[in-house]
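Here are some notes to read alongside the structure.

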Amino acid sequence: MRIFHAVKKELLEIVHDRTLLSVLLAFPIFIMLFMGSSFGSIEIRGLPVGVVGPTNTTFSGVLLSDLNESSAFNLRHYGSEDIALEDFRNGQLRAVIVIPEDFEQSLKRGEGTEVRIKVDNSDIALQEAIIAAMGSVVQASSTNITRSYVSSAWDDLSELNSSASQLAGQINESRARMKETKEGLSGLKRNISSIDIERLDNSLTGATAQINGLKQQLAVQRNSTFTNDTGLFLENASLALNESIATVGDTHEKLSSQAQGLNQTLTTLEMSITALEVLKNETSDNTTAAALDANIGALTALKNNTGAQLADSREQITALEELNTTLYDFKAVLNSYALTLSDAKEGQEELYSELDSALDVMNASLGTAHEDVRQLRSLLSAVQETTENIGSTLDQVLAQTEDVNSLISSLQETVEAQTSKDPETIASPLSVKVENQYTRGSFVDFIMPRVMGVSLLFSCFLLASISLVKEKTRYTIVRLLMIPGAFANSVAAKLISITLISLGQVVMILLVGLLVFGVRPPPDPGMLVVGTAVSALVLSAIGLLIGFYARTESAAIQTSLLLGIPMLFLGNIIFSPDLLPGYTQILQQLLPLAHITNIFKVVLITNGDPAADLAALLSYFALLALGIALVVYKKRSINNYV
Amino acid sequence: MPVVEVKSLAKVIDESIIVDRVSFSVQEGEIFGLLGSNGSGKTTTFNMLAGLLKPSSGTAKILGKKIGKDAELKRDIGFVTQQDSFYETLTVRENLEFFASQCGITNKETIKKLLGQIKLSTKADVLASSLSGGMKKRLNIGCSLVHGPRIIFLDEPTVGLDPVVRKEIWKMVEELHKEKKTIIITSHYMEEVEYLCSRVAVMFAGRIVASGTPAQLKKKYKLKQMEDVFAHLMKREGR
């Protein structure tokens, strides 16, 4: 029974402490609701990831599209790896994907390629989640790329298969032609063998001898007097002709004078006849008239004779003129002959010279022909040899074309075998190379920010809240309230002293890490001090607010745990906030511990710039300081505390 | 001229009347006692006079200044709480130095003198948690005297102490009285009140039901002991 009463007393104590009771009731409900909703399904969504490299090619497009569709990643494109890594170090990115420059070409060549992923290896859970999600997406992308690549390759292979068939047909045609060529070569070889070069050579020698004979005959002909005699004959003929022309001229002149006399006689006779007729007509005497008649008659007869003679003369003159013309023509002919002969003589000389030269040329040509025959002889030998070589080469080519044909057949079989396969089943051409972004002395390096965060969280919460509760439970707050400004001064002093204690704690953690675990010293100790101080101020301020409302130390501890444990889950201490559902990620940004852990991480691991997180904490502190000031002002009556 | 002048001072908390229009005055250098059983409103009246609690109605003037209007008035008041109100994890000297520093006093001689006054010079560097009950009470009073207040409020300073220690405290109060300090003390130990106070006021349920010198009250109610007067008054008021 005593134990029953003791238990009852313990329970009543708790029931009567309303703050403690509400914390005890709220804590399990809150933790269960919070944990259940936050960790029901741990997956990453909308994780900020930088992408560097060619992004607008076919295959990189497939990969990025798959990454986008996965909704695990929120891709941000960067022009250079350095800029992306700077954002990575500053905590704006959780990973960086580096697509190699030859990504497209490597895949098109079917060689496969490697996508590098730089991950935050200080956060193992997040690292594993990113690698798993990325691996899954890349596997899917790989299949898509394979499908795309293989489909394209299948088309190419089918085209190749068709080309190979055509080539095989062409090779067969070529083989047939080569066989014909081979037979033609055999005939050519026989024809070459039948050519009698000796006979040709002998005929050329005979021709040379005949030309030499011709040359001798030409020399004899050249020295003959035929043309000279003919020339002399023509010259004499020409002289004789000239004499004949002169004679004909004299005769013509004489005959002309004779004809002129006859003509004058005739005219005189006509005039005499006319005058006698006039006399007769005028005479009445018959005798006279008869005498006149007789005379007229005699004169008429004379006249007729003279006329006849004149006509003869004139005919003779005409004949002479014709003769003269003929003689002149003949002379012209002779002159022409003479000229022709002279030309012929000159032409003969030229002809002889030309003939002589021609014979010399023919002789020379024959000499060249001899030489050509000799060359022809060796050429024919070479042709025969070449023909034999071509024949054997053709044999080899024919044999090789048989090999090519069998190769083509084999290729076609392979192509048909390959193209009948499903691209889905073909091995992945794309692989992921995970690169750890941060080097470390030991894994403790990565734990340090969390250790510092946890240490500050609870030490600041508990120190501040319990310290203020103690002022109430030990009534020192009454004394402080009695002294003007002392309570506000004391609150500020608590913030400062807890901050100094926190700095000492961080130094101790660092020393243990350095001396026992060999962690790396912080690259920027000044920033570590600033980060610790700001963090401690914020956490202590929250602790003080807890202390203002908690009536007992137990309630202060419980409330600190109630606030502290969710912060542990959301503050990048146990779970990476990126792995939590969206609303918890927003909540995480509203809670200070994630910023505190980030500051320590940036200062100790990434060597980035913690400005954003520091600004967030300072904003917190400004709000908390304002809240504390309001509480101090509102709760200045003693009944608020004791 | 009274240094403390209270008129119809009242305090209502959560619709309960804790102090019901009390009026009294205290002359300079006087030791005034507020008597009453537990829950009669003595401490609440003290808290209002010390400026730690805002009155619901009525007025109170200390050294001619209205309470709650002038924060600097607190510098003339020493408030000794019923419970020990110092830091047990600090030494005696550290406690005194801290409270003195909060009042702007950093003179070591003042602390040394105060240590002698509260008879803790030999315990100056001992943790407060290690002190005996009487020593703790003396330290508690000492912490209220670091700034040299003219008026000292002592809220049941001897409660829970053995008779020897109680008399030590009485002696301290007498010494303060000799220094012309005005002292207002609450107690339900009648012999303490009779021994120390020149005038008393008896409170019941937030009201003052009787006031005067102990002799006047004994004469008025025709009783020989203050305890009997107190019991009579309690009976009369229905307790």
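**Notes on the model**

1. In this predicted model, 14 residues of chain A are in contact with 20 residues of chain B. Two elements of chain A, helix H11 (476-482) and helix H12 (486-516), each give two or more residues to the side that touches chain B. The most come from H11(A), which gives five residues.

2. What kinds of residues make up the side of chain A that touches chain B? Eight are nonpolar, four are polar and two are charged.

3. Chain B has an open sheet of six strands, in the order S6-S7-S8-S3-S9-S10, and the pairing is mixed. Strand S6 (77-80) and strand S10 (207-212) of chain B are the edge strands, each pairing on one side only. From one strand to the next, the twist averages 15°.

4. As background, strands of a sheet pair through backbone hydrogen bonds, either parallel or antiparallel. Strand S9 (residues 199-204) of chain B and S10(B) run antiparallel and are joined by five bridges. Look for B:Val202, which stands opposite B:Ala210 in S10(B).

5. Which strands does helix H1 (residues 42-49) of chain B lie across? They are strand S3 (31-36), strand S7 (151-155), strand S8 (182-187) and S9 of chain B. H1(B) runs at about 155° to S7(B).

6. Helix H5 (residues 163-178) of chain B lies across S3, S7 and S8 of chain B. The angle at which H5(B) runs to S8(B) is about 155°.

Notes
Residues are numbered from 1 along each chain as its sequence is written. Chains are lettered from A and ligands numbered from 1 in the order in which they are written. This is a predicted model: local features need pLDDT of at least 70, side-chain atom pairs count only at pLDDT 80 or more; totals for chains, interfaces and linings use all residues. Two residues are in contact if their C-beta atoms, placed from the backbone, lie within 7 Å. Helices (H or I, at least four residues) and strands (E, at least two) are DSSP runs, numbered from the N terminus. Ala, Val, Leu, Ile, Met, Phe, Trp, Tyr, Cys and Pro count as nonpolar, Asp, Glu, Lys and Arg as charged, and the others, Gly among them, as polar. Two strands pair if DSSP finds at least two bridges between them. Axes are lines fitted to C-alpha atoms, for helices over the stretch in contact, and angles run from 0 to 180 degrees between N-to-C directions.
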